[in-house]
Amino acid sequence: DLYFNGVALSGDPGPLFYPVTYLWQTTPVTLAGLALAGLVGVQAALALPHFPYYFTYFNPLMGGSARAPEVMMIGLGEGLDEAARYLNAKPNAAELAVASWYRGGSFNYLFAGQDLDIEEFYRADYAVLYAHQWQRRVPNDRLLDYFRGLTPEHIVTLHGIDYAWVYNLAEAPPPDYFTDWAGAIRLVEVERPAAAVAPGETAVVRLRLYVLDHIDRNLSVVVRLVDSAGREIARSEGWPFGSATSTWQAGEVYVDGHELTLPPGTPPGYLRVEAGFHDAESTLMLTPTTAGTQAPLPEFVTVDYVAVGPLPDGPVAPLEETVRLGDFQLLGAELAGSPLPTGSAALTVAPGASLPLTLFWQLARPVKTDYTVLVHWIGPDGQLVGQGDHPPAIPTTLWHPDTTFVDAHPLTVPPDLAPGDYQLMAGLYELATLQRLPVVIDGNPAGDTLSLGVLTVR
């Protein structure tokens, strides 16, 4: 309650020092001062328990730790130090390779072993994932979906929030989207153009190849673009990475690039990216296998797709409701250029007519099933009178999340269909089991098929 008010000098100035008089003045204790001190004390009492991770404190009046991950990004590296300490406690910590997020900071400053980027988890003994990776869906959905199916060995939890997950990869199966050749080359990632490629332009496709074991012979790789009818549109062939595979070193990663030029006049749509290896001398194709299970695959494996433009960005008239079928969202539908559903106004069609039906889909997260699109004609009596089910041009297991997929195919009106009003229904199902995905409209269950509108046959 004192504050400094000044200094007075007195007496004769001497050679070394002066007599000094300090002048002090008291100030009365006020209610405002007590309130301020009380607020500081409350803030300290709330914050100090979070030492040294002060950013783990969230306002309890706004929901606190339980609510924060739902409304904001969580984590600025706190918790990764605890993950590093957990791994350092292992007897062989210095020999471990660990893939992590924020590897160039909070984790590798403390970890005693080798640190790798999280995208190279397939080379690591352990992996550490971080909280806002799940929120931001980085580095990619496929990687996160793989780890979502694993059980973490350890979770770092700070004040009720999970911040870091430690996975033992020595006990984890490899992702089922990895493909092996000759037990020595593993395809772990494909890079393809994110935007549509115009006819006459070149699409660059890169294969990231991880060497599992020494290769005692030279292999050639074939990368090609194939349309929905199985016709080869473009092809690139030669030594992968431009080098002899017999010189490759186990444990290394080689990025193999290919330029594929689309012929002029290539129609808009989607082309499958297929890859295969053959013996450079005998030209015999190798049988690829699914990583982990070693299940045999076709000689050419579909590893991704390339969009050929121009393709519409979306439906002319997007659906007003949010329509979901499992992890898929139907953004809109068009029949012969007219938007569906038609509502109270029916579209008029003729028996036997062929009409282009276009469905616009978006995928929320990767799926592990190749679904078939259901298209049914339902008569006034509720009976099925015709159907045009089809698989999409690209298997749904290869669809990229948050990318609009234009699913177009001809729809033929049954030639013997009697005049009248018919419902055009759509859905998705697994061909092997005929199990349909449930339809949810604006959060409400709506069966397993969706009405696209009313068609009047005349």
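Biologist: Which residues make the nonpolar surface patch of about 240 Å²?
Modeller: V42, L46 and Y57 make that patch. Patch members have over 30% relative accessible area and no salt bridge, and nonpolar side chains (Val, Leu, Ile, Met, Phe, Trp, Tyr) are joined within 5 Å. Areas are Shrake-Rupley, 1.4 Å probe.

Biologist: Before I go on, what sort of model is this?
Modeller: A predicted one, where local features need pLDDT of at least 70 and side-chain atom pairs pLDDT 80 or more, while totals for chains, interfaces and linings use all residues. Residues are numbered from 1 along each chain, and side-chain values use heavy atoms, without hydrogens and water.

Biologist: Back to Y57, where is its place?
Modeller: Y57 sits in the loop that runs between helix 1 (31-47) and helix 2 (64-71). Helices (H or I, at least four residues) and strands (E, at least two) are DSSP runs, numbered from the N terminus. Y57 has a relative accessible area of 31%, so it is partly exposed; buried is under 20%, exposed over 50%, and partly exposed is in between.

Biologist: Salt bridges next. How many does the structure hold?
Modeller: The structure has 22 salt bridges, each a Lys or Arg side-chain nitrogen within 4 Å of a carboxyl oxygen of Asp or Glu.

Biologist: What does D145 pair with?
Modeller: Its partner is R365, with the closest N and O atoms 2.7 Å apart. D145 is in helix 6 (residues 141-148) and R365 is in the loop between strand 21 (354-363) and strand 22 (371-378), so the bridge ties together parts 220 residues apart in sequence. D145 is buried at 10%, and R365 is partly exposed at 31%.

Biologist: And D81, which residue does it bridge to?
Modeller: To R85, at 3.0 Å between the closest N and O atoms. Both are in helix 3 (residues 80-88), four residues apart, so about one helical turn separates them. D81 is buried, with a relative accessible area of 14%, while R85 is partly exposed at 43%.

Biologist: What about R231, buried or exposed?
Modeller: R231 is exposed, at 53% relative accessibility. Its salt bridge is with D227, where the closest N and O atoms are 2.9 Å apart, and D227 is buried at 11%.

Biologist: Which residues are linked in a network of salt bridges?
Modeller: R224, E232, R235, E237, R272 and E274 are.

Biologist: What volume has the second largest pocket?
Modeller: About 400 Å³. It is lined by 20 residues, with S228, P267, P268, G269 and Y270 closest to the centre.

Biologist: Which strand gives the most to that lining?
Modeller: Strand 24, with four residues in the lining of the second largest pocket.

Conventions:
Buried < 20%, exposed > 50% of the residue type's maximum accessible area, 1.4 Å probe, protein only. 1 Å grid on protein atoms, 1.4 Å probe; cavity = no way out; pocket = protein on both sides within 12 Å on 5 of 7 lines; lining within 4 Å. Points joined across faces, edges and corners; volume = space filled by probe spheres on them. Patch = residues over 30% accessible without salt bridge, like charges linked within 9 Å, V, L, I, M, F, W, Y side chains within 5 Å.
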